[in-house]
Structures are given as structure tokens and as C-alpha cells.
Amino acid sequence: MPHAFDAAALSGVTGHMNDDHADDNLLVARAFGRADATAAVMTGFDGDGGDWDVTGPDGTVAPLRVAWPGGPITERREVRREIVALYDEACRRSGVEPRPHD
């Protein structure tokens with residue numbers, strides 16, 4: 001059973017991703033399963049991966065689950081590392097130059 005993060009972690013990470021990284025959400029959605037996506041919102045995550053609601057060109061919304069590249073995690077501090085790894089892999093798959101990470 002994957003590790004479950006508390007409500008504060010879920011809210012903090014999804015809020016940050018949706019407010020500050022909407023373009024990254026779309027990049028991840030396009031690279032990991034919905035090349036035709038027009039929008040993507042991170043809806044949650046657990047120890048095994050992240051979840052997005054992805055909008056297609058016809059307006060339908062479908063869930064997308066992406067496993068963490070480094071494998072299962074159990075600590076909140078590991079979430080950022082895995083999201084950055086997803087972003088980097090999405091850039092690689094899409095032929096986009098990734099921006100530097102702080």
C-alpha cells in the first residue's frame with residue numbers, strides 16, 4: 001500500500017503546482033500520456049506517484065497517474081525531488097530545455 005501524505009502536504013504541493021507551475025503540469029501530462037492535452041491540474045499524490053486531471057481538446061477531463069521516477073517515497077521532502085525529476089523527464093521526452101532548479 002502506498003504511503004499516504006497528510007492533508008497539509010497534499011494541499012501545499014498541489015496548490016503550489018497549480019498556482020505556480022501550471023505550464024509544468026501541462027508538460028507532464030503531454031509527456032506522460034496525453035500528447036493532445038490542453039490543460040492539466042495536479043489533484044493529489046501518494047508515495048507511489050502523482051495524479052492529474054487532464055483536459056483533452058474536446059473538453060473531456062480524464063485522470064492521469066504518473067509513477068515517481070525514483071520509486072516509492074515516504075517523506076514530504078522527497079515529493080519535490082520526484083516532481084522535479086518528472087519535469088526533467090517530461091522536458092527530455094518533449095525536446096524542451098529544462099530551466100535550472102534552485
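The crossing of helices H2 and H3 is left-handed; a crossing has that hand if the near helix is turned anticlockwise from the far one by less than a right angle, and is right-handed if clockwise. The model is a predicted one, in which local features need pLDDT of at least 70 and side-chain atom pairs count only at pLDDT 80 or more, while totals for chains, interfaces and linings use all residues. Residues are numbered from 1 along each chain as its sequence is written, and side-chain values use heavy atoms, with hydrogens and water left out.

H2 covers residues 22-31 and H3 residues 76-94. Helices (H or I, at least four residues) and strands (E, at least two) are DSSP runs, numbered from the N terminus. Two packed helices are described by the angle between their axes and the distance between the axes. For H2 and H3, the axes come within 9 Å and cross at roughly 60°. The axes are lines fitted to C-alpha atoms, for helices over the stretch in contact, and angles run from 0 to 180 degrees between N-to-C directions. H2 is therefore oblique to H3, given that angles under 35 degrees count as roughly parallel, over 145 as roughly antiparallel, 65 to 115 as roughly perpendicular and the rest as oblique.

Asp 24, Leu 27, Val 28 and Ala 31 form the H2 side of the contact, and Leu 86, Tyr 87, Ala 90, Cys 91, Arg 93 and Ser 94 form the H3 side. Contact means heavy atoms within 4.5 Å. These residues divide into seven nonpolar, one polar and two charged, where Ala, Val, Leu, Ile, Met, Phe, Trp, Tyr, Cys and Pro count as nonpolar, Asp, Glu, Lys and Arg as charged, and the others, Gly among them, as polar.

H2 is mostly covered, with seven of its ten residues buried. Buried means under 20% relative accessible area, exposed over 50% and partly exposed in between (1.4 Å probe, protein chains only). The buried residues of H2 are Asp 24, Asn 25, Leu 26, Leu 27, Val 28, Ala 29 and Ala 31. They pack against H1, strand S1 (39-46), strand S2 (49-55), strand S3 (61-67) and H3. After H2 comes Gly 33, with a positive phi near 150°.

H3 also meets H1: their axes come within 11 Å and cross at roughly 25°. H1 is therefore roughly parallel to H3, and this crossing is right-handed. H1 contributes Ala 8, Ala 9, Gly 12, Val 13 and Met 17 to the contact, and H3 contributes Arg 76, Val 79 and Ile 83. The residues here divide into six nonpolar, one polar and one charged.

H1 spans residues 7-20 and includes Thr 14, which counts as buried because its relative accessibility is 12%. Leaving out residues up to four places away in sequence, Thr 14 touches Met 42, Thr 43 and Gly 44.

In H3, Glu 82 counts as buried because its relative accessibility is 3%. Beyond its neighbours within four places in sequence, Glu 82 is in contact with Trp 68, Pro 69, Gly 70, Gly 71 and Ile 73.

The UniProt record, an unreviewed entry, places the feature "domain: DUF2470" at residues 12-86; UniProt positions are given in the numbering used here, feature names are shortened, and annotations may be inferred rather than shown by experiment. The end C-alpha atoms of residues 12-86 lie 18 Å apart, and the span is 40% helix and 29% strand.
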